Amino acid sequence: MSASSPLNEKSDPVVQQPHHHKPKMDAETRAIANADAKLSNPLRGIPHDRLMTEVEIFAQERGLTHLLPELKKGALVAQDPSCHNHLDVFTDEDKRILTEEVTHKWRQTPTLYYMVVMSSLAAAVQGMDEAVINGAQILYPTQFGIGDTNSRRDSWLIGLINSAPYLCCATISCWLTHPLNHYLGRKKTIFVTCLISFLTCIWSGLTNTWWHLFIARFFLGFGIGPKSATVPVYTAECSPAPIRGALVMMWQMWTAFGIALGDLIDLTFYFIPDSGGIKGLNWRLMLASAGIPGLIVCLQVLFAPESPRWLISKGRYEDAFNELCRLRISRVQAARDLYYIHVLLEAENEMKKGRNRVVEMFTIRRNRHAALASWVVMFGQQFCGVNVIAYYSSNIFLASGFTQVSALASSLGFGALNWLFALPAVFTIDTYGRRNLLLFTFPCMAICLLITGFSFWSTSETGRVTGVSIGIYLFAVFYSPGEGPVPFTYSAEAFPLYIRDLGMSFATATTWFWNFVLSITWPSLILAFKPQGAFGWYAAWCCILWVLILLFVRETKGKTLEELDQVFAVPLSTHAAYGLRQIPYGFKKFVLFQNPIPEQLYQMESESEVSSTGGDEKARREMKEDVERNECMSYVLLCFVVVIFCLIFIDVRLMNVLTCHLSI
């Protein structure tokens with residue numbers, strides 16, 4: 001009987017085949033894919049003779065003919081990083097250095113590590129700016145006459161003071177990042193923002209009324225916002241490709257270190273008595289001390305290299321080469337990066353011509369999906385509740401029965417755990433993936449918040465303080481390797497290159513705005529809902545965010561630029577259905593310990609398929625045909641944003657109503 005007979009087909013065991021979805025890219029996404037293919041390596045496919053001719057023209061136009069031998073070698077390596085192994089133009093020393101760049105990627109110049117130290121210290125300044133208010137707020141409200149824990153007015157004023165820098169970041173300072181960087185450069189922008197941080201921290205320690213402290217902290221936002229967007233970009237532009245991702249990741253890690261250092265300073269300065277007629281010397285020193293690292297960065301940055309990419313964008317090629325020589329081991333490496341940055345900037349400028357990037361970020365499906373996913377993870381970084389603990393942990397521990405000293409010491413424990421468990425994130429984020437880390441950690445964070453809140457029902461003081469401490473500390477353990485580093489990393493890679501800077505500004509402003517909302521509402525929230533309801537509120541948001549991540553956040557780990565275009569080209573409904581199908585898969589695998597076949601959502605088109613199915617001009621002509629189809633999804637995204645704002649409004653109104661009833 002034939003092997004293909006129905007009888008044999010029935011007798012064979014049924015094997016479940018993995019499901020593949022081959023994303024059909026629309027015309028808009030094809031145009032972006034073609035652009036990203038060009039931006040990923042503009043030198044790809046250029047013949048040798050033509051490449052050498054273009055290098056000679058470049059050297060003549062930029063006055064770099066004295067660097068022509070290095071530039072030619074550098075262009076060859078930029079086009080093919082492994083070409084030094086088979087071309088005789090490279091010396092043995094060149095080959096050794098270019099090989100060790102991969103095999104010993106952490107063997108770098110002292111200047112590069114000087115830049116890394118400065119960037120890490122700038123991140124620590126960021127964390128300290130956020131943390132010192134945590135300890136000071138258990139002291140200054142009484143001195144300023146706003147220390148009544150049962151007063152609705154006082155709770156809103158404390159929230160307003162604590163959230164003042166983030167109000168500035170969301171509304172003004174984040175949007176100053178581009179003009180500051182454009183006119184001053186990366187290095188001077190860091191200098192100016194750290195100087196502002198130093199001066200406003202000193203100013204905060206000299207205030208004598210609540211509104212004066214609010215103004216000082218509002219102006220602190222001019223130091224926080226642009227610095228948070230500039231330092232990671234500066235680090236990326238100065239770092240060599242093999243270690244660029246790890247160095248950029250250190251921003252979040254050393255921000256966590258700054259929070260721990262701020263908590264340590266709070267505990268240390270608490271014991272300083274008033275002296276010389278100065279009332280509240282301890283909390284004044286807490287707030288002022290956060291400016292000292294900023295002053296150190298101001299002095300340090302003067303000797304650091306400027307971003308070569310910024311210098312090239314200003315036409316200062318000789319200066320850019322000199323800075324690259326400080327940052328790289330050999331002149332060939334410096335020449336390679338100089339020429340590659342040049343051609344990449346030329347390609348980017350060409351791609352931006354005739355485009356309204358703000359409109360395209362929401363009207364083109366590929367960009368809209370990236371914006372939605374970035375919005376979800378950035379919103380989640382705040383509404384998972386982490387900054388409730390970072391800004392108010394001292395008050396939370398006090399409410400559970402700790403003394404002031406014990407509360408400050410316990411806050412230091414949270415800050416230390418937040419930093420220590422951020423260290424493994426450098427490895428886990430690329431091992432397990434961004435989406436998987438979030439899906440695993442969000443339910444754990446929800447449980448930890450419930451443990452913290454429900455512990456306040458304990459009639460035993462020992463049981464109450466133990467439960468609160470365990471809940472908060474375990475929360476730090478799960479937050480640090482997941483929602484801590486993922487949002488900035490995810491947002492930096494989700495957008496296509498031609499709108500990446502705009503997308504990051506959108507993402508950064510998002511996180512600072514919701515940071516402001518969270519920090520201003522917490523004192524009134526805990527007054528109205530009590531600790532049990534307040535922590536339950538953010539535990540519920542962790543559950544909601546888990547669903548949003550499951551449905552709308554796509555995995556970006558290990559994807560090339562071309563593959564990311566196809567990942568975000570998958571229709572929203574298709575990805576949401578895939579996310580729902582992952583629930584029974586996860587139940588079978590992790591609860592029943594079965595071995596189900598994983599579903600493969602993406603079956604990538606080959607690079608030739610992406611680039612050969614019409615050029616840029618054809619794709620752009622076809623964009624108009626897809627506009628009507630995209631409008632529906634634009635309305636869905638708009639409705640999603642409106643719903644979130646309505647929830648926040650209902651939350652505020654509900655707190656007002658409950659507060660009125662409680663006061664009666």
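Colleague: Before we start, what should I know about the model and its numbering?

Modeller: It's a predicted model, so local features need pLDDT of at least 70 and side-chain atom pairs count only at pLDDT 80 or more, while totals for chains, interfaces and linings use all residues. Residues are numbered from 1 along each chain as its sequence is written, and side-chain values use heavy atoms, with hydrogens and water left out.

Colleague: What makes up the secondary structure of the protein chain?

Modeller: There are 29 helices and two strands. Helices are DSSP runs of H or I with at least four residues, strands are runs of E with at least two, and both are numbered from the N terminus.

Colleague: Why is N515 called buried?

Modeller: Buried means under 20% relative accessible area, exposed means over 50%, and partly exposed is in between, with a 1.4 Å probe and protein chains only. N515 has 1% relative accessibility, so it counts as buried. It lies in helix α25. Of the chain's 664 residues, 56% count as buried.

Colleague: And what is N515 in contact with, leaving aside its neighbours within four places in sequence?

Modeller: Y166, Q382, N387 and Y391. Contact here means heavy atoms within 4.5 Å.

Colleague: What makes a group of residues a nonpolar core?

Modeller: They have to be buried Ala, Val, Leu, Ile, Met, Phe, Trp, Tyr or Cys residues, joined through side-chain atoms within 4.5 Å. The largest one here has 110 residues, and those with the most contacts inside it include F383, W522 and Y538. Helix α25 (residues 500–552) gives the largest share of this core, 24 residues. Apart from it lies another core of 32 residues, among them L76, V77, Y317 and V332.

Colleague: Which residues does W522 touch, leaving aside its neighbours within four places in sequence?

Modeller: W522 is in contact with V388, Y392, I396, A534, F535 and Y538.

Colleague: Why is the pair of F58 and Y339 called edge-to-face?

Modeller: Rings of Phe, Tyr and Trp (its six-membered ring) pair if their centres lie within 6.5 Å; planes under 30 degrees apart count as stacked, over 60 as edge-to-face and the rest as tilted. The F58 and Y339 centres are 5.2 Å apart with planes at 70°, so the pair is edge-to-face. This pair links distant parts of the chain, 281 residues apart: F58 is in helix α3 (residues 48–61) and Y339 in helix α16 (residues 331–352). Both residues are buried.

Colleague: How do you know that W254 and F257 form an edge-to-face pair too?

Modeller: Centre to centre they are 5.1 Å apart, with 75° between the planes. Both lie in helix α11 (residues 241–269), three residues apart, about one turn of the helix. W254 is at 22% relative accessibility, so it counts as partly exposed. F257 is partly exposed because its relative accessible area is 27%.

Colleague: How many aromatic pairs are there in the whole structure?

Modeller: The search finds 34. Ring pairs also link a cluster that includes W375, F379, F383, W522 and W541.
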